[in-house]
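Dear colleague,

Please read the notes with the structure open beside them.

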Amino acid sequence: LQPEMFAEIGPELAASRGVANGDWVTVSSARGAIECRALVTPRIKALRVAGRIVHQVGLPFHWGYAGEV
């Protein structure tokens with residue numbers, strides 16, 4: 001179990017935004033926004049798409065036996 005929500009981000013994105021491991025960050029999209037802890041990890045790599053660098057952000061989600069948790 002995790003003590004709080006987290007977002008996995010790559011070291012390149014973290015450095016460009018001035019985010020350190022464990023900092024609070026806001027992840028937003030057209031559908032909404034959440035605040036969570038940053039988990040800076042080399043597992044999340046930047047992608048090159050059509051000549052541009054695109055950064056990924058990983059968010060955990062799951063549905064337990066009692067519904068969304």
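Arg-37 has a relative accessibility of 25% and therefore counts as partly exposed, a class that lies between buried (under 20% relative accessible area) and exposed (over 50%), judged with a 1.4 Å probe and with protein chains only. Its side chain meets that of Glu-4 in a salt bridge, at 2.9 Å from N to O, where a salt bridge is a side-chain nitrogen of Lys or Arg within 4 Å of a carboxyl oxygen of Asp or Glu. Because Glu-4 lies in the segment before E1 and Arg-37 in strand E3, this pair ties together parts that are 33 residues apart in sequence. Glu-4 is also partly exposed, with a relative accessible area of 35%.

Before going on, please note that this is a predicted model, in which local features need pLDDT of at least 70 and side-chain atom pairs count only at pLDDT 80 or more, while totals for chains, interfaces and linings use all residues. Residues are numbered from 1 along each chain as its sequence is written, and side-chain values use heavy atoms, with hydrogens and water left out.

A search of the whole structure finds two salt bridges, and one of them joins the side chains of Glu-8 and Arg-43 at 2.5 Å, N to O. This pair links distant parts of the chain, with Glu-8 in strand E1 and Arg-43 in the loop between E3 and strand E4 (47–49), 35 residues apart. Glu-8 counts as buried at 16% relative accessibility, whereas Arg-43, at 58%, counts as exposed.

As for the strands, which are DSSP runs of E with at least two residues, numbered from the N terminus, four of them form an open sheet in the order E2-E3-E1-E6, with mixed pairing; two strands pair if DSSP finds at least two bridges between them. Strand E2 (24–29) and strand E6 (57–58) each have a single partner strand and stand at the edges, so one side of each is left without a neighbour in the sheet. Strand E1 (residues 6–9) and strand E3 (residues 32–40) run parallel and are joined by four bridges, and Glu-8 stands opposite Leu-39 in E3.

Finally, Val-57, which is found in strand E6, is partly exposed, with a relative accessible area of 40%. Together with Met-5, Ile-34 and Leu-59, Val-57 makes a nonpolar surface patch of about 280 Å².

Conventions: Patch = residues over 30% accessible without salt bridge, like charges linked within 9 Å, V, L, I, M, F, W, Y side chains within 5 Å. Areas by Shrake-Rupley, 256 points an atom, 1.4 Å probe, with all protein chains shown as cover.
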